[in-house]
Amino acid sequence: MSEIIVGIDLGTTNSEIAIIENGKVTIIEDAGCKILPSFVGMGENDEVLVGEIAKNQYVLYPERTIKSIKRQMGEENKVEMAGQSYTPQEISAIILKHLKGIAETYLKQPVQKAVITVPAYFSDAQRQATREAGTIAGLEVVRMINEPTAAALSYEAEQKAHKRILVYDLGGGTFDVSVVSIEDDVVEVIASHGNNKLGGDDFDQKIIDHIVKHLKQHANIDIQNSRKGMARLNRVAEEAKRMLSDQPFVTIEEEYIEENKGTPVHLSLELSRDDYESMIADYIDETLEAIHIALNGANLTASDIDEILLVGGSTRTPLVSQRLKDEFRLQPHSEVDPDLCVAAGAAIQGAMIGGADVSASAVLIDITPYTYGSSAIGELEGEFYLYKYVPIIHKNSSLPLVKTEVFYTMRDNQEAVEVRIFQGEESDALNNIQIGEFLIEGLSKVAQGNPLLVKFELDLDGILHVSAIEKNTGLEKAIVIDNVISRCEKTEMLEAKDRLDKIFGEGGGVLQQESDTHHAIVQAEALVEKAERMLETASAEDREDMVNVIEMINDALTQEDLASLKEPMDQLSDILYYLES
Ligand code: AMP
């Protein structure tokens, strides 16, 4: 029997978990939902909330809720949640642990291994942090694959002909583009490029800025001073953005968003798709530039592309398809569900590793989106320079790969050499990002020119291993990469894992899921109770709204239909917030 390796798309905005069953992909549902919002929160009794519940409380308790943690992966900064600080890895681990629980409930057995997807453009530190999040969550991350690769893999499961595909992946927080070749049973990523700080959140921000400006001009208030006000703006801006994907105009309305010297300020502002598109045009231009860099990297031009595959929620923005269509004279594809195909591809990869019989490619070739190298004394622009960059692994090389470069000592009897490791393309090494350094000591006392072999090994997860060997003696030195950002010490990681285990309680995620369901019911009942108490003092108009929404909540509770709770709960919290303000 093949072993179970789940596939996880750990997204900025949403996350999903999938497995292969009888040769087919199943995206595992949690209370009827395939998509788990990537929100983590702390409830009133210090219980951990994940997903929809955490997202629901974001408006009311932004200080107890974390969103878009993926944007901070690989950074050293901690985030605050309910007065406690957490590393980005710990917050991501909470999401992973929850997903693990969902799969365990579905499969009725423990899940220990996973394939997790990351943006192709994720740096070494960001990949490392993702792996650590997996470990903290109690998952062995058997492979990390690039999101566009995963998407192509799920697409390939449906198509057989030889094709060159452009995978355009625009999510909540990141943008990736990859040129993928599919032939027979081989999915090969030929080149990729992207920006790991560009996504739908930036589009929301443009609308938010627009509203902030509007409120300053027309109501004379600076809403940015109100955390709650900004949280509400966040939500209405995102809603407006989504609606503009389907309609040419939207009216952005939010009652009692703030007050000005005791007078309530209501927000009502019309936004057209045309105006919105001009706000985000520069971002779309940036993505098109990235496409051309990827095409150059693959030695191809736009006319060599047979198909365009759209991945990520933000590709629903009509301007995206439109600009791609103008550029490539091809209608982009969105047959594969843009939200789910990454998790599906990860599950297919997991099954391939686990030895299951899947109707997918037997070989998956991935590439590195970065160049890695070291520095040496040399000539730069005709001048003697101490830190000339020596690229060792070149961008767009297929993984896994091992490359060795020879360096020589500069002085007689030189006993130590400092090896610095950089990521980047600049010929002045110091203009690249230094990702590590180590010292090889105890070399033989010989004349200058003693050769040293520096070996760079990049594995399938995009993690770099560096070692150094003195050629003449075969002496291999242990290396210490001591300054890769955010690299957790093992003990710190174990502590984090313990902390998480305690938070989730014995039995891990399964228990958590039950308590989530319980929590949703309790939260809904409490909200209804509170609303009923406030009915008397509400105006006739508000009362009517409240009664309607309460009825919807009660119906959902009676039918135990938790998925239908969200909408009316959101509405009721907004009304109550407005009444209480
Ligand atoms: P993902 O990270 O792939 O889950 O994508 C999430 C992003 O897609 C978020 O920024 C969402 O606001 C955005 N999104 C979802 N649906 C739409 C839509 N209909 N139109 C525009 N953006 C959307």
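Start by selecting arginine 232 and glutamate 254, whose side chains meet in a salt bridge at 3.1 Å, N to O. A salt bridge here is a side-chain nitrogen of Lys or Arg within 4 Å of a carboxyl oxygen of Asp or Glu. Arginine 232 sits in helix α6 and glutamate 254 in strand β15, 22 residues apart, and the pair links distant parts of the chain. Helices (H or I, at least four residues) and strands (E, at least two) are DSSP runs, numbered from the N terminus.

The model is predicted: local features need pLDDT of at least 70, side-chain atom pairs count only at pLDDT 80 or more, and totals for chains, interfaces and linings use all residues. Residues are numbered from 1 along each chain as its sequence is written, and side-chain values use heavy atoms, with hydrogens and water left out.

Now colour the first pair by accessibility. Arginine 232 counts as buried at 2% relative accessibility, and glutamate 254 is buried as well, with a relative accessible area of 9%. Buried means under 20% relative accessible area, exposed over 50%, and partly exposed in between (1.4 Å probe, protein chains only). The areas come from the Shrake-Rupley method, and for residues only the protein chains shown count as cover.

Stay with α6 and select lysine 241, together with aspartate 204. Their side chains form a salt bridge of 2.9 Å, N to O. Aspartate 204 lies in helix α5 and lysine 241 in helix α6 (residues 227-244), so this pair ties together parts that are 37 residues apart in sequence. Aspartate 204 is buried at 6% relative accessibility, and lysine 241 is buried at 10%.

Next, go to arginine 71 and aspartate 201. The closest N and O atoms of this salt bridge are 3.6 Å apart. Arginine 71 is in the loop between β7 (65-66) and β8 (79-81), while aspartate 201 is in helix α5 (residues 200-219), so the pair ties together parts that are 130 residues apart in sequence. Arginine 71 is partly exposed at 22% relative accessibility; aspartate 201 is buried, at 17% relative accessible area. A search of the whole structure finds 14 salt bridges.

Then select residues 124-136, helix α3. How many of the 13 residues of α3 are buried? Twelve are, so the helix is largely enclosed by the rest of the structure. Among the buried residues are Asp124, Arg127, Arg131, Glu132 and Ile136. Just after α3, look at glycine 138, which takes a positive phi of about 85 degrees.

Move to helix α12 and pick isoleucine 550. Isoleucine 550 is buried, with a relative accessible area of 7%. The C-alpha atoms of isoleucine 550 and methionine 569 are separated by 8.5 Å, and the two residues are 19 apart along the chain.

Finish on the surface by selecting Glu253, Glu255, Glu541, Glu544 and Asp545, which gather in a patch of negative charge. Such a patch is made of residues with over 30% relative accessible area and no salt bridge, with like charges joined within 9 Å. Both β15 (249-260) and α12 (540-558) supply at least two residues of the patch, and the largest share, three residues, comes from α12. Glutamate 544, in α12, is exposed, with a relative accessible area of 54%.

Definitions and conventions: Patches are made of residues with over 30% relative accessible area and no salt bridge: like charges are joined within 9 Å, nonpolar side chains (Val, Leu, Ile, Met, Phe, Trp, Tyr) within 5 Å. Accessible areas come from the Shrake-Rupley method with a 1.4 Å probe; for residues, only the protein chains shown count as cover. Lys and Arg count as positive and Asp and Glu as negative; His and the chain ends are not counted. The place of a charge is taken as NZ of Lys, CZ of Arg, CG of Asp or CD of Glu.
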